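Colleague: I would like to learn how to read a structure like this one. Could we go through it feature by feature?

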Amino acid sequence: MSDDSRYEAVCSRDARFDGEFFFGVATTGIYCRPSCPATTPRRKNVRFFPTSAAAQGAGFRACRRCRPDAVPGSADWNARADAVGRAMRMIGDGVVDREGVSGLAARLGYSARQVQRQLTAELGAGPVALARAQRAHTARILLQTTALRASEIAFAAGFSSVRQFNDTLREIYAATPTELRAARPEKSALSGPTGAPGGVLGTNGGTNGGTAGVPLRLAYRGPYDTTQVFDYLARRALTGLEEMVGAPGARTYRRTLRLPHACAVVEVDERPGDGWLECRLRLTELRDLTTAIQRIRRLFDLDADPYAVAERLGADAALAPLVAARPGLRSPGAADPHELALRAVLGQQVSVAAGRVLGDGLIAAYGNPLERPDGGLTHLFPRVEDLTEAPFAELGMVESRRATLRTLATALADGTVRLDAGADRDRTEKELLGLRGIGPWTSGYIRMRALSDPDVLLESDVAVRAGARGAGAHLEDSEGWRPWRSYAMHHLWNAPRPRPA
């Protein structure tokens with residue numbers, strides 16, 4: 001995309017490009033998203049940046065009107081399998097905050113200098129600057145949705161000192177923490193009380209304080225098929241771990257979530273706002289906020305580009321009617337990759353309902369109980385380390401399937417198979433296929449959901465083949481669907497089935 005094309009998108013305030021690039025205005029020192037409603041600047045005064053961190057590094061401050069730091073992430077990071085794409089997924093998951101640049105480089109298999117060079121060359125900012133931009137956004141959320149002291153927020157957001165926290169906010173937002181807090185949205189615009197502490201969980205998962213938690217607006221681009229996503233999650237919700245409450249169209253998905261520092265309870269509403277989903281997070285450790293947000297975004301596939309998907313898949317004559325019938329269809333990911341992988345084994349060669357029964361049994365027998373139940377939520381998913389020698393006799397499965405569960409749990413626990421946000425997908429799939437009892441369907445399903453790969457097609461799946469027959473689609477011609485074959489598969493899963501004669 002040329003700079004002239006980008007400027008055309010800015011002139012038309014095209015929200016399709018929010019998150020794909022940012023623009024800075026030299027005369028004001030402010031950077032914006034393409035859809036910013038402010039007066040369009042002259043072309044000669046505009047500079048374009050691939051990331052918000054690059055704009056900040058060039059000395060531009062975030063626009064207070066369009067809030068460019070709150071846009072959906074670029075769909076490129078999920079589609080790309082190179083080092084830059086993997087690095088961006090890991091930075092989003094908080095790896096730099098937890099392990100530093102050296103930890104990020106070690107996971108990528110490069111030196112820290114190589115990672116710095118590659119990211120700076122392509123994105124205009126290195127890993128530290130990218131993580132810093134993310135910390136600033138987290139801090140703004142906490143300032144505007146909780147009553148925590150600024151010093152608490154500084155460390156919760158990942159800053160190493162209060163001074164660094166203050167300096168960063170002044171540089172990025174041209175405002176002090178006090179000024180940012182005073183500029184919070186009206187209470188009516190948020191889910192839950194903005195002035196209450198952000199409902200924190202007890203050490204074993206029980207709730208303290210009974211507040212609504214940290215209220216968030218999780219942005220997405222383009223149309224979003226909430227019915228499809230919430231139906232998909234409802235059919236697979238495991239008792240005690242997840243629940244779907246409310247009537248269709250106004251449902252709330254709730255679940256427990258194990259995070260790097262502690263655990264959380266997550267709530268996401270089906271009824272969308274104007275380009276966002278309402279979410280509430282109750283965290284044991286506020287340091288987990290950034291990671292929790294990214295994992296929820298992956299679960300609900302909020303960084304997808306439905307315009308690019310529709311353009312590619314709509315060009316296929318057989319898929320075009322399906323794409324037109326379900327604009328905004330998504331390919332849900334996973335909030336916990338290890339959990340998803342084990343659940344994929346439970347779902348081998350059985351129906352979704354049967355796999356759910358097996359999952360319910362796993363939670364009841366091996367899940368970690370919450371200190372106090374929260375509605376229908378009673379457990380966390382078991383740690384893989386606790387399942388390496390589990391008998392699984394309670395599940396009523398054949399021994400070969402139980403052995404596969406233990407083998408996979410062991411491989412995840414000892415790092416033989418890695419499912420972190422930036423894992424090399426080809427390598428991971430090869431490692432999964434090397435485990436006894438893991439075949440192409442299971443490895444592909446894990447790759448699609450646990451690793452958020454948008455280009456997976458489970459050609460052996462019975463429902464996919466049935467959907468393809470009903471739609472008149474030919475799976476052998478699926479090369480033309482790349483790199484969005486995961487979305488094609490969801491369209492085929494949702495395709496109307498022909499009635500028997």
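**Overall shape**

Modeller: Start with the radius of gyration: a compact globule with 501 residues would have a value near 23 Å, and the protein chain has 23 Å, so the two agree. Keep in mind that this is a predicted model.

Colleague: What does the C-alpha trace span along its principal axes?

Modeller: The spans are about 65 × 55 × 50 Å. As for secondary structure, the chain holds 21 helices and 13 strands.

Colleague: What share of the residues is buried?

Modeller: Of the 501 residues in the chain, 56% are buried.

**A cavity and a pocket**

Colleague: Which residues line the largest cavity, and how do they divide by class?

Modeller: The lining consists of Ala83, Val84, Ala87, Leu108, Tyr110, Val115, Gln118 and Leu119. Seven of the lining residues are nonpolar, one is polar and none is charged.

Colleague: How much space lies in the second largest pocket?

Modeller: A pocket, unlike a cavity, is an open set of points. The second largest pocket holds about 900 Å³. Its lining has 44 residues, and those nearest the centre are Arg236, Gly347, Val352, Trp441 and Tyr445.

Colleague: Which elements supply at least two residues each to the lining of that second largest pocket?

Modeller: Among them are α11 (226-236), β9 (252-258), α15 (337-346) and α16. Helices α19 (440-449), α20 (462-471) and α21 (485-493) are also on the list. By class, the lining of the second largest pocket has 18 nonpolar, 14 polar and twelve charged residues.

**Single residues**

Colleague: Take glutamate 243. Is glutamate 243 buried or exposed?

Modeller: Buried means under 20% relative accessible area. Glutamate 243 has 17%, so it counts as buried. This residue is in strand β8 (residues 242-245).

Colleague: What does the side chain of glutamate 243 make a polar contact with?

Modeller: Its partner is the side chain of arginine 254, at 2.5 Å. Leaving aside residues up to four places away in sequence, glutamate 243 touches residues including Thr252, Tyr253, Asp374 and Leu377.

Colleague: Where is serine 331, and which side chain does it join in a polar contact?

Modeller: Serine 331 is in the loop between α14 (320-325) and α15. Its relative accessibility is 8%, which means that serine 331 counts as buried. The side chains of serine 331 and histidine 490 are joined by a polar contact of 3.4 Å. Beyond four places in sequence, serine 331 touches Asp301, Met448, Ser486, Tyr487 and His490.

Colleague: Why is alanine 353 called exposed?

Modeller: The cut-off for exposed is over 50%. Alanine 353 has a relative accessible area of 52%, so the label applies. Alanine 353 belongs to helix α16 (residues 352-366). Alanine 353 and alanine 237 are 116 residues apart in sequence, and their C-alpha atoms are 10.0 Å apart in space.

**Backbone angles**

Colleague: Which angle should I look at in alanine 174?

Modeller: Look at phi, which is near 55° in alanine 174, a positive value in a residue other than glycine. Alanine 174 is in the loop between α9 (162-173) and α10 (177-182). With 34% relative accessibility, alanine 174 counts as partly exposed.

Colleague: What is phi in phenylalanine 392?

Modeller: Phi of phenylalanine 392 is near 60°, again positive in a residue that is not glycine. Phenylalanine 392 lies in the loop between β13 (377-380) and α17 (399-414). Phenylalanine 392 is buried, at 1% relative accessible area.

Colleague: And which peptide bond is cis?

Modeller: The bond from arginine 482 to proline 483 is cis, and its omega is near 0°. Proline 483 lies in the loop between α20 and α21.

Technical notes. Residues numbered from 1 in each chain as written. Predicted model: local features only at pLDDT ≥ 70, side-chain atom pairs only at ≥ 80, totals over all residues. Heavy atoms only, no water. 1 Å grid on protein atoms, 1.4 Å probe; cavity = no way out; pocket = protein on both sides within 12 Å on 5 of 7 lines; lining within 4 Å. Nonpolar A, V, L, I, M, F, W, Y, C, P; charged D, E, K, R; others polar. Helix = DSSP H or I, 4+ residues; strand = E, 2+ residues; numbered from the N terminus. Buried < 20%, exposed > 50% of the residue type's maximum accessible area, 1.4 Å probe, protein only. Polar contact = N/O pair within 3.5 Å; in protein donor to acceptor, adjacent residues only side chain to side chain. Contact = heavy atoms within 4.5 Å. Rg over C-alpha atoms; globule rule 2.2 N^0.38 Å. Points joined across faces, edges and corners; volume = space filled by probe spheres on them.
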